[in-house]
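Here are a few exercises to work through with the model open beside you. Try each task before you read its solution.

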Amino acid sequence: MTIASAALSRASEVRTVRECPTCGLFQTVPALAPHTGSTCRRCGTLLRQHRTDPARRALALVITALLLFTLAATQPFLSLDLGAGRNTTLLGGPEALEQSGLAPMAFVVLATTLLAPALRLGMIFWVLLRLHLRRPRQALPHHLRTLFRWAEALSDWSMIEVFLLGVFVAYAKLIDLAPVHVGLAAYALGAMMLMMAAADATLDHEVIWDELVPRPQLARAIPPARRIACEGCGRITDHEGACGCCGAQVQRRKRHSLSESWALLIAAALLYIPANTMPILTVIQLGQGLPSTILEGVVELADSGLWPLAALVFTASILVPVLKLLGLAYLLITTGRRSRRHLAVRTRIYRIVEAVGRWSMIDVFMISILTALVQMGALATVIPGPGALSFCAVVLLTMVAAQRFDPRLMWDALDHHDPSAATRSPKVTS
Ligand SMILES: [Zn+2]
Ligand SMILES: [Zn+2]
């Protein structure tokens, strides 16, 4: 074990003051024994998990993921044996959408399946490599902090696992049309997804921040009432403005959180109507074809006997967006009224809304894959419809609305009535 990695494995054995990102309660997280974690005393959010090897294993996993991604990005993941035969790579979908006049949707697919995963992997790789190769007492360059902060910000927008489900749905829709072959890239993407999940599970962000910017022993000197935590790196300071550690903008609460969330939510609710009433795609077979909406697509899957897939698309494309719109509206109304009721339930709703948002992109990816593959003139052609663009906008707007909502505002209503809350210590679980 090198000097750097010995210091890294010791770093999670230190007491730190942390703000719970969900309820805003400041609490002292104790030194953690191996295989234990520390959860917020008040709302149950995981504050810290002990990791035995916080950086080295992640580096190995990230390198493997990068190699697999290079393979996945250059090889076809589906090919169709019909007429001249066609295959598609990760770039094929965005290209076909752009040619169909849906440039904004093409960009979203390109950004979430190629740019965000590649940038995120590359940034984490570079930061971990520099940490690994660092000599004792060697200062690390400043840009590593920016890269590591961006890598964290990109994690919501890297959607390989959702894309793989989109490939699966596209495959099921195509086998009726012609023989389909699953290419090497699909397997590489699957393996890469597992590597990334494993890397995320072993990587300890707090330890990496402590290595990039040694922690000043200030946190406990700041009086509890003046503590503000940085959302980027978790460090505690006593003033708003640029974070001295990671450079993110430190704010006690997200500014204009409720009004911005409302604006995004209302825009999403309005676009939900064309997203469901206008056709998302038209399949033309032997010169004939009818445009179909999201619901008609689900019925089609069910009619072909693909019930599990129909249920999956119905859940991801119809149920999840409605539940997200209603859930967010409920959170915004109760928080706006400073309600102190059902805080645990509201916190759970917030977590669910945040976690499920990205899965609605399945249909968007499926449309991009079908458009790229099925371009065989009068024999069979898929044309994306305007409903697809609206639907894509609904998914993105609700995702950003959930990100702009500051869950700590829900719990602020309680703090006015319970001043002792600020002095509690978290629960340690194993
Ligand atoms: Zn909490
Ligand atoms: Zn910071």
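**Exercise 1: the whole chain**

Of the 430 residues of the protein chain, 50% count as buried, where buried means under 20% relative accessible area, exposed over 50% and partly exposed in between (1.4 Å probe, protein chains only). This is a predicted model: local features need pLDDT of at least 70, side-chain atom pairs count only at pLDDT 80 or more, and totals for chains, interfaces and linings use all residues. Side-chain values use heavy atoms, with hydrogens and water left out, residues are numbered from 1 along each chain as its sequence is written, and chains are lettered from A and ligands numbered from 1 in the order in which they are written.

*Task.* Count the helices and strands, then compare the radius of gyration with the globule rule.

*Solution.* 
- Step 1: the protein chain has 15 helices and 16 strands. These are DSSP runs numbered from the N terminus (helices H or I, at least four residues; strands E, at least two).
- Step 2: the radius of gyration is 24 Å, close to the 22 Å given by the globule rule for 430 residues, so the chain is as compact as a globular protein of that length. The radius is taken over C-alpha atoms, and the rule is 2.2 Å times the number of residues to the power 0.38.

**Exercise 2: a proline in a helix**

*Task.* Is Pro 321 buried or exposed, and which residues does Pro 321 contact?

*Solution.* 
- Step 1: find Pro 321 in helix α11 (residues 307–336).
- Step 2: Pro 321 has a relative accessible area of 5%, so Pro 321 is buried.
- Step 3: leaving aside neighbours within four places in sequence, Pro 321 contacts Tyr 272, Thr 315, Ala 316, Ser 360 and Phe 391. Contact means heavy atoms within 4.5 Å.
- Step 4: Tyr 272 lies 49 residues from Pro 321 in sequence, and their C-alpha atoms are 8.4 Å apart.

**Exercise 3: helix α3**

*Task.* Which residues of helix α3 are buried, and what do they pack against?

*Solution.* 
- Step 1: in α3 (residues 92–99), Gly 92, Gly 93, Pro 94, Ala 96 and Leu 97 are buried.
- Step 2: they pack against β6 (86–88), α4 (103–133), α13 (362–373) and β15 (380–384).
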